[in-house]
Amino acid sequence: MELTPLCWQLLLLSTLVYSSLGQGGASLSITPDRSQFFKLESVSLSCEVQGNSTGWRVVRNTSRGILSECHTDWGKQQGSSCIVSLITSDSGVYWCESGSGEHSNAVNITVPAGAVILESPALPVTEGDSVTLRCRYQETPSNLTADFYKDGSLIRTETTGEMTIPAVSKSDEGLYKCTNSEGESPESRMSVTVNALMEEGSMSVMA
């Protein structure tokens with residue numbers, strides 16, 4: 001039975017909390033680094049492990065509430081990576097897990113049924129980094145005028161279809177989506193991590 005939107009949000013939240021509490025020396029990398037994809041696009045997911053990588057595999061929990069690992073009924077194993085040619089039912093939360101129960105960070109992948117997506121980083125970005133968000137239409141032209149929203153509020157309109165934040169800060173963290181003449185993208189969360197060097201410098205100034 002397919003989960004309701006509320007149940008799916010709770011499932012996503014519980015999975016993300018679970019993953020953030022017990023990282024075991026592994027991280028999940030995603031190429032390309034974004035949260036939303038058009039149908040039939042490919043994504044590469046890799047477990048980057050400190051030390052012995054034996055026994056680690058990419059697993060997921062989909063919006064249908066099905067927990068499984070790569071190369072069961074989805075994905076193709078290529079070396080240490082899992083390659084997925086995406087369809088809508090592949091939307092879900094992905095992470096790395098070892099045979100002993102250790103786990104990595106989690107990333108959320110969305111494959112909407114519509115023709116508009118927001119290209120935004122799936123992995124956390126660091127304070128001070130330049131980040132560009134793109135509102136893409138599956139057909140041409142791809143540079144349609146787009147409205148960008150953060151946490152439900154319009155923040156900018158761009159005629160190029162992309163919005164750049166020259167130096168992100170914690171205040172830029174939140175849920176983003178975009179709209180253009182062809183439709184609306186789903187929302188994706190952009191997370192921002194503290195730049196340790198910048199934090200150390202500000203503490204030195206305060207001292």
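Me: What counts as a salt bridge here, and how many does a search of the whole structure find?

Reply: A salt bridge is a side-chain nitrogen of Lys or Arg within 4 Å of a carboxyl oxygen of Asp or Glu. By that rule, searching the whole structure turns up 13 salt bridges. Keep in mind that this is a predicted model: local features need pLDDT of at least 70, side-chain atom pairs count only at pLDDT 80 or more, and totals for chains, interfaces and linings use all residues. Residues are numbered from 1 along each chain as its sequence is written, and side-chain values use heavy atoms, with hydrogens and water left out.

Me: Let's take one. Which residue forms a salt bridge with Glu69?

Reply: That's Arg57, with the closest N and O atoms 3.6 Å apart. Helices (H or I, at least four residues) and strands (E, at least two) are DSSP runs, numbered from the N terminus. Here Glu69 sits in strand 4 (residues 67–69) and Arg57 in strand 3 (residues 57–62), so the pair links distant parts of the chain, twelve residues apart.

Me: What about Arg34: which residue does Arg34 pair with?

Reply: Arg34 forms a salt bridge with Glu119, closest N to O 3.7 Å. Arg34 lies in the loop between strand 1 (26–31) and strand 2 (42–49), while Glu119 belongs to strand 9 (residues 116–119), so this pair ties together parts 85 residues apart in sequence. Arg34 is buried at 9% relative accessible area, and Glu119 is buried at 13%.

Me: Which other salt bridge has Glu119 in it?

Reply: The one with Arg136, at 2.6 Å, N to O. Arg136 is in strand 11 (residues 131–137) and Glu119 in strand 9, so the two parts tied together are 17 residues apart in sequence. Arg136 is partly exposed, at 24%. Shared partners join Arg34, Glu41, Glu119 and Arg136 into one network.

Me: And the whole chain: how many helices and strands, and what share of residues is buried?

Reply: The protein chain has two helices and 18 strands, and 42% of its 207 residues are buried. For contacts (heavy atoms within 4.5 Å), take those between residues at least 6 apart in sequence: 61% join residues at least 24 apart.

Terms used
Buried < 20%, exposed > 50% of the residue type's maximum accessible area, 1.4 Å probe, protein only.
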